[in-house]
Amino acid sequence: MSRQLWFRGPVCGTDNCRSRLFRSQDGLTICQFGHVLEGAVEINDDPDGPGMVQTRRINTVAVDERGHMSSVARSTSQAAKKTQERLYGEDATSMYHRCLQILLKHELDKFIELFFSDGIKQDLTLIVKRNWVRLLSSEEKQMIDTLDLICLIYISALELQAYPIYVSDLVENIKSNNVPYIRTLHLIPKDMLDQLPTLYHNRLQPVSLPDNGHIFKRLQSSATRVMKSSLSVQLSFYFPFLFRVLSEYFLLPNAMDMFMICFNILKSKPCFEIDFQKRFNPFVQNFPEVYISSVVMAVVKENFGKVNKHQLAEWLQQLSEYDLNNEYSSKDTSLLDWSDDKVDKYCDWIYDHIIPKKSKLDEDNNSESLTTMEKRLFQIFSLDNDTRTTESLPSGETPMYQALKNIMDSERGNANEATYQELDAKLDSKFVDLLGL
């Protein structure tokens with residue numbers, strides 16, 4: 001076999017190829033990487049043959065590492081077949097329900113970890129499975145998403161009534177992502193996600209938090225498909241919710257007295273009947289958490305009607321400062337008004353829930369490997385060893401304790417008078433955030 005002769009020429013330039021070595025074969029001028037030089041003309045010295053040959057580009061030429069013609073050409077069609085094909089129609093819906101079922105298991109495990117115990121895990125799991133089957137077999141062919149899964153677990157917990165859990169708990173843990181909601185795709189196998197269109201990805205991982213009563217709409221729509229009758233819940237089931245709202249959410253020093261006043265009003269209704277078949281507005285108005293919240297609003301207004309407006313202004317001021325430094329919501333405030341402690345808390349939340357887990361270099365159970373570039377990127381800022389310069393509170397004092405202390409300090413008297421319109425606005429905004437209304 002004769003040895004192929006290579007000759008130097010201009011830069012190939014095809015697909016940014018920098019080769020200058022060429023060879024001639026069958027009238028084609030080919031670079032060492034298999035690109036055919038367009039417009040090249042080869043003169044044939046054989047008098048019996050044609051005087052010149054005009055070449056054309058062949059896209060299927062393939063060469064091996066040494067630049068010789070390869071016996072197997074690259075086929076784009078074969079490479080495309082290796083990629084996972086997306087599903088459509090009923091196949092996509094079936095795969096989407098499988099992904100939801102995997103996500104439902106993660107959601108249920110997180111609920112048990114946050115609100116319940118392993119003692120009721122088996123009973124709650126059976127109720128959730130039963131309701132999940134009813135939801136899928138319902139005649140109403142409404143698309144299910146992640147919020148429906150959370151509502152399904154909540155309805156199942158209300159059926160069991162083993163531990164108290166409320167809508168405010170759902171809203172709070174959805175916002176903090178303790179219950180997977182705004183970041184869920186990492187919980188589902190990648191090969192299953194690759195088969196789903198992007199439309200289903202947005203339902204598995206919603207792009208916005210539930211507000212404007214959206215969570216109550218989903219509770220009603222999910223419950224009508226899985227519940228055959230109304231649900232009865234005793235008033236005592238909501239005693240922790242009532243006291244928590246008065247003491248921790250509104251920072252009322254006389255929370256115990258206010259609790260007894262609310263109890264005397266509510267005891268005439270010892271049992272709540274949750275009828276999911278009602279129209280939406282009556283359903284929300286008679287929902288236990290909303291009904292109790294309306295009683296609390298009336299009692300709080302009555303309470304501050306007996307004090308002077310300076311004390312009301314002091315309470316509103318301290319409550320606003322506490323919310324500003326401890327809540328993530330910034331709808332009515334600028335980020336520049338956040339305290340250093342609140343900024344640190346928010347950044348910690350982003351780091352723990354949004355940034356991928358492999359960024360945590362100090363975790364021993366980290367199964368994801370880091371490339372050299374990623375290691376250097378995450379080491380630019382020393383997040384784990386960051387020393388905070390903010391002044392800490394005295395030992396044993398929490399921000400809530402400090403706020404209550406300031407409210408009870410009647411000698412300050414440096415607040416202006418407040419109006420009852422400001423009280424109404426504050427109560428409305430607090431309950432809207434609390435229940436996602």
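Of the contacts in the chain with a separation of 6 or more, 68% are between residues 24 or more positions apart, where contact means heavy atoms within 4.5 Å. Before going on, the sources: this is a predicted model, local features need pLDDT of at least 70, side-chain atom pairs count only at pLDDT 80 or more, and totals for chains, interfaces and linings use all residues. Residues are numbered from 1 along each chain as its sequence is written, and side-chain values use heavy atoms, with hydrogens and water left out.

The chain has 17 helices and seven strands. Those are DSSP runs numbered from the N terminus, helices being H or I with at least four residues and strands being E with at least two. Of the 437 residues in the chain, 38% are buried, meaning under 20% relative accessible area with a 1.4 Å probe, protein chains only. The accessible surface comes to about 26400 Å², and carbon and sulfur atoms hold 50% of that; the area is from the Shrake-Rupley method with a 1.4 Å probe.

Now the helix pair. How do α5 and α8 pack? Helix α5, residues 167–175, and helix α8, residues 214–226, pack at an angle of about 120 degrees, and their axes are 11 Å apart. The axes are lines fitted to C-alpha atoms over the stretch in contact, and angles run from 0 to 180 degrees between N-to-C directions. The angle makes α5 oblique to α8, oblique being what is left after under 35 degrees (roughly parallel), over 145 (roughly antiparallel) and 65 to 115 (roughly perpendicular). On the α5 side, Val167, Leu170 and Val171 meet Ile215, Phe216 and Leu219 of α8. By class, this contact has six nonpolar, no polar and no charged residues; Ala, Val, Leu, Ile, Met, Phe, Trp, Tyr, Cys and Pro count as nonpolar, Asp, Glu, Lys and Arg as charged, and the others, Gly among them, as polar.

Helix α5 also holds asparagine 173. Is asparagine 173 buried or exposed? Its relative accessibility is 8%, so asparagine 173 counts as buried. Not counting residues up to four places away in sequence, asparagine 173 touches Leu114, Phe115, Asn178 and Val179.

Last, threonine 146, in helix α4, residues 146–160. Threonine 146 counts as buried because its relative accessibility is 0%. Leaving aside neighbours within four places in sequence, threonine 146 is in contact with Leu103, Glu107, Pro180, Tyr181, Arg203, Leu204, Gln205 and Pro206. Leucine 103 is 43 residues from threonine 146 along the chain, and their C-alpha atoms are separated by 8.0 Å.

Methods
Buried < 20%, exposed > 50% of the residue type's maximum accessible area, 1.4 Å probe, protein only.
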